[in-house]
Amino acid sequence: MAEARIASALEKDAATKVAEIERLKEELKAREVAKQLAVNEAVEAVRSERDLIARDLSSKESERRLLQAQLEEERKRVVAAVELAEANIVNQAQKESALKDAEIERLRQELKSIDVVNQLALREAIGSLEKQRDDLARDLSAKETEKKLLESTLKDSHQIELRSKDEMIAYYKDLKAKQSTKMVGETLEQHCEIEFNRIRAGAFPAAYFEKDNNARSGSKGDYIFRESDNAGTEFISIMFEMKNEGDETATKKKNEDFFKELDKDRNEKGCEYAILVSLLEPDSELYNGGIVDVSHRYPKMYVVRPQLFIPIITLLRNAALGSLAYKTELALVREQSVDIADFESELEAFKSGFARNYDLASRRFKTAIDEIDKTIDHLQKTKDALLGSENNLRLANNKAEDLTIKRLTRGNPTMAAKFAELKNQAAPIQE
């Protein structure tokens with residue numbers, strides 16, 4: 001019982017580890033998506049600020065040109081007025097000239113003031129752009145720090161997970177090496193008994209499933225399954241034999257080496273079916289494919305792997321329930337003197353239907369085994385992906401380091417010209 005509890009705890013731990021691997025995969029994908037979204041948001045923010053600055057500069061330039069045009073028109077008007085005054089009023093030439101000179105000086109001061117305002121606005125725009133550039137650099141630095149921390153955490157987690165898996169594999173190998181032949185066989189028997197008792201109350205409440213302790217004939221099987229209806233009529237009985245890899249001997253190394261003895265036990269104990277639950281020949285495609293019918297060697301005998309222990313009982317029991325209905329119907333037919341030939345045809349139809357259902361069930365069991373193999377391959381690929389994640393993180397780090405404003409504006413001649421113009425205008429102001 002202690003070994004069974006340990007096995008159950010290890011199975012739960014293995015399931016927890018598999019779930020943790022799936023969770024780490026999903027978390028890794030989520031973090032990759034979050035990182036990509038952060039980069040996209042940063043790029044979008046830079047583009048938005050760039051477009052805003054471009055529109056602001058364009059507005060300032062249009063305003064300056066408009067003021068220059070107005071000043072030019074005003075100057076032309078003043079010059080025309082001065083010329084007209086000189087031609088018409090010779091006596092007041094000096095007075096008018098002084099007034100016009102004062103007006104021209106005032107206009108010149110206004111022009112200088114407008115130039116100063118434009119320069120201040122340009123300085124403010126450049127300062128805002130530089131501040132945004134610095135903020136973006138700080139954000140990129142923070143993202144880089146966060147990414148490195150995440151890489152370190154993921155690496156540590158992966159290393160811990162891999163060490164845990166390696167320790168578990170080593171533990172199982174050591175446990176299997178230390179177990180004696182009797183312990184290995186009893187472990188398989190206890191596994192099958194626990195699996196049956198787990199569903200006994202719901203699926204087989206009236207069934208008999210106990211060890212075969214009757215060895216008066218010189219041999220005995222491992223377990224006997226029997227079930228009867230409410231009237232006490234037994235409609236199914238199965239003799240079970242459990243064989244593990246440790247049950248190999250010098251003369252018995254294959255499944256077929258145990259068929260004769262199992263058939264003998266079945267006949268002596270009056271069982272209808274004989275089933276060998278075996279882990280022998282682990283590389284055999286025949287026995288790994290699902291339920292194997294060996295009735296061509298011994299009647300009503302099957303070979304299954306431990307994971308098909310409950311399904312084969314359910315399959316044979318359901319088929320036997322169908323035959324029970326036919327037996328009851330046969331009794332009724334005999335009482336009513338119905339033609340036996342009609343019943344035999346129906347019985348043959350049932351047999352053919354049962355054979356077809358068995359074939360379908362066998363195919364589904366094979367599909368289930370294939371899916372289990374695919375799951376194992378998928379878990380191995382997941383482990384390889386986790387081991388190779390460091391290279392992907394390094395590539396992502398290189399891409400983040402190459403993310404600059406020049407790269408963002410590459411291929412955009414308009415923004416390149418704007419930045420060159422800002423640089424040229426900022427140089428005289430600094431001087």
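This is a predicted model: local features need pLDDT of at least 70, side-chain atom pairs count only at pLDDT 80 or more; totals for chains, interfaces and linings use all residues.
1. Residues are numbered from 1 along each chain as its sequence is written, and side-chain values use heavy atoms, with hydrogens and water left out.

2. Take Arg 23 and Glu 20. Their closest N and O atoms sit 2.2 Å apart. Both residues belong to helix H1, residues 2–88, and are three residues apart, about one turn of the helix. (Helices are DSSP runs of H or I with at least four residues, strands are runs of E with at least two, and both are numbered from the N terminus.)

3. Now Glu 27 and Arg 31. This salt bridge also has its closest N and O atoms 2.2 Å apart. The two residues lie in helix H1, four residues apart, again about one turn of the helix.

4. Glu 27 counts as partly exposed at 23%, as does Arg 31 at 27%. (Buried means under 20% relative accessible area, exposed over 50%, partly exposed in between, using a 1.4 Å probe and protein chains only.)

5. Elsewhere, Glu 256 and Arg 297 meet in a salt bridge at 3.5 Å, N to O. This one links distant parts of the chain, 41 residues apart: Glu 256 is in the loop between strand S3 (234–243) and helix H4 (259–268), while Arg 297 is in the loop between strand S5 (292–293) and strand S6 (301–304). Glu 256 is partly exposed at 38%, and Arg 297 is partly exposed at 41%. The overall count comes to 17 salt bridges.

6. Then there's the sheet. Six strands make an open sheet with mixed pairing, in the order S1-S2-S3-S4-S6-S5. At the edges are S1 (208–211) and S5, each pairing on one side only. (Two strands pair if DSSP finds at least two bridges between them.)

7. Which way do S2 and S3 pair? Strand S2, residues 223–228, runs antiparallel to S3, with six bridges between them. Within this pair, Ile 224 stands opposite Met 239 in S3.

Technical notes
A salt bridge is a side-chain nitrogen of Lys or Arg within 4 Å of a carboxyl oxygen of Asp or Glu.
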